[in-house]
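Please open the structure in your viewer and keep the selection panel at hand. The stops below are given in the order in which they may be selected.

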Amino acid sequence: MNSDSQIRLRAMEPEDLDLLYQIENDRSLWDVGTNNVPYSRYVLHHYMASNTGDIYSDKQVRLVIENGVGQTVGLADLTNFDAKNCRAEVGIAILSTQRNRGYGGMALSRMAEYASQVLHLHQLYAVIDTGNQESLQLFSHAGYQTAATLDDWLYDGKKFHKAMLMQIFL
């Protein structure tokens with residue numbers, strides 16, 4: 001592995017506003033998440049300023065993914081944090097220019113370590129459109145198993161899509 005194939009996860013900084021703006025407003029990612037409207041820099045700045053960084057307060061944590069040479073390559077999220085049931089939903093967004101370099105798989109691995117060792121979670125899960133073969137393969141290679149098929153779960157504005165609920169026990 002070369003030096004830029006290793007990653008680290010870090011807290012978001014004010015300097016990451018452009019990265020957040022780029023990812024949140026990438027229309028190609030809207031169908032794989034719950035976002036379906038563009039966000040202004042003002043709204044994202046407010047989000048960053050008001051976020052405490054405490055998953056127990058915010059019910060989510062968003063981390064920046066950097067490669068081994070310090071280049072920002074994407075974002076990793078834990079959302080829908082459920083402390084009582086020791087689980088959270090995981091999401092990964094890799095910049096289109098940085099895909100197919102192994103960063104997504106490494107980020108999933110680091111998120112699982114963080115969730116297990118720091119947050120003491122029992123499981124992580126993801127809801128993935130069945131048409132998104134790249135994400136299904138990524139999560140499968142990371143050890144996630146299909147727990148359920150969800151009919152008409154995701155709506156793209158024109159039609160409903162089937163999704164897979166994938167989970168991993170930590």
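**Stop 1**

Begin by selecting Asn80, which is found in strand S3. The model is a predicted one. Although Asn80 is not a glycine, its phi is positive, at about 50°. Most residues other than glycine have a negative phi. With a relative accessible area of 46%, Asn80 is partly exposed.

Next, select His120, in the loop between H5 and S5. His120 is likewise not a glycine, and has a positive phi of about 60°. Its relative accessible area is 57%, so His120 is exposed.

**Stop 2**

Display S3 and S4 together. These strands run antiparallel and are joined by seven bridges. Leu75 stands opposite Ala93 in S4. Now move to the hairpin of S3 and S4, where four residues lie between the strands and Cys86 takes a positive phi near 55°.

S4 and S5 pair in the parallel sense, over three bridges. For Ala88, the bridge partner in S5 is Leu124. Follow the chain from S4 through H5 to S5: this β-α-β crossover is right-handed.

**Stop 3: The nonpolar cores**

Which residues have the most contacts inside the largest nonpolar core? Select Leu78, Val90, Leu124, Phe139 and Tyr144; the core to which they belong has 30 residues. Colour the elements that give two or more residues to this core: strands S2 (61-67), S3, S4 (87-94), S5 (123-129) and S7 (160-169), together with helices H5 (103-117) and H6 (133-141). H5 provides the largest share, seven residues. In soluble globular proteins, nonpolar side chains tend to be buried together.

Centre the view on Val90. Leaving aside neighbours within four places in sequence, Val90 is in contact with Asp77, Leu78, Leu108, Met111, Leu124, Tyr125, Ala126, Phe139 and Tyr144. A second, separate core has eleven residues, including Met12, Leu44, Met48 and Leu95.

**Stop 4: A buried glutamate**

Select Glu66 in strand S2. Is this residue buried or exposed? Its relative accessibility is 9%, so Glu66 counts as buried. Show side chains here: those of Glu66 and Arg10 are joined by a polar contact of 2.6 Å. Not counting residues up to four places away in sequence, Glu66 touches Gln6, Ile7, Arg8, Arg10, Gln71, Thr72 and Val73.

**Stop 5: Aromatic pairs**

How many aromatic pairs does the structure hold? There are three aromatic pairs. One of them is formed by Tyr56 and Phe81, with 5.1 Å centre to centre and 90° between the planes, an edge-to-face arrangement. Because Tyr56 lies in helix H4 (residues 55-58) and Phe81 in strand S3 (residues 72-82), the pair ties together parts that are 25 residues apart in sequence. Tyr56 is partly exposed, with a relative accessible area of 44%, whereas Phe81, at 7% relative accessibility, counts as buried.

Finally, select Tyr155 and Phe160. Their rings form a tilted aromatic pair, 4.5 Å centre to centre, with 35° between the planes. Phe160 is partly exposed, with a relative accessible area of 48%.

Notes:
Residues numbered from 1 in each chain as written. Predicted model: local features only at pLDDT ≥ 70, side-chain atom pairs only at ≥ 80, totals over all residues. Heavy atoms only, no water. Phe/Tyr/Trp six-rings, centres within 6.5 Å; stacked < 30°, edge-to-face > 60°. Buried < 20%, exposed > 50% of the residue type's maximum accessible area, 1.4 Å probe, protein only. Core = buried A, V, L, I, M, F, W, Y, C linked by side-chain atoms within 4.5 Å. Contact = heavy atoms within 4.5 Å. Polar contact = N/O pair within 3.5 Å; in protein donor to acceptor, adjacent residues only side chain to side chain. Pairing = 2+ DSSP bridges. Right-handed = clockwise from strand over helix to strand, strands pointing away.
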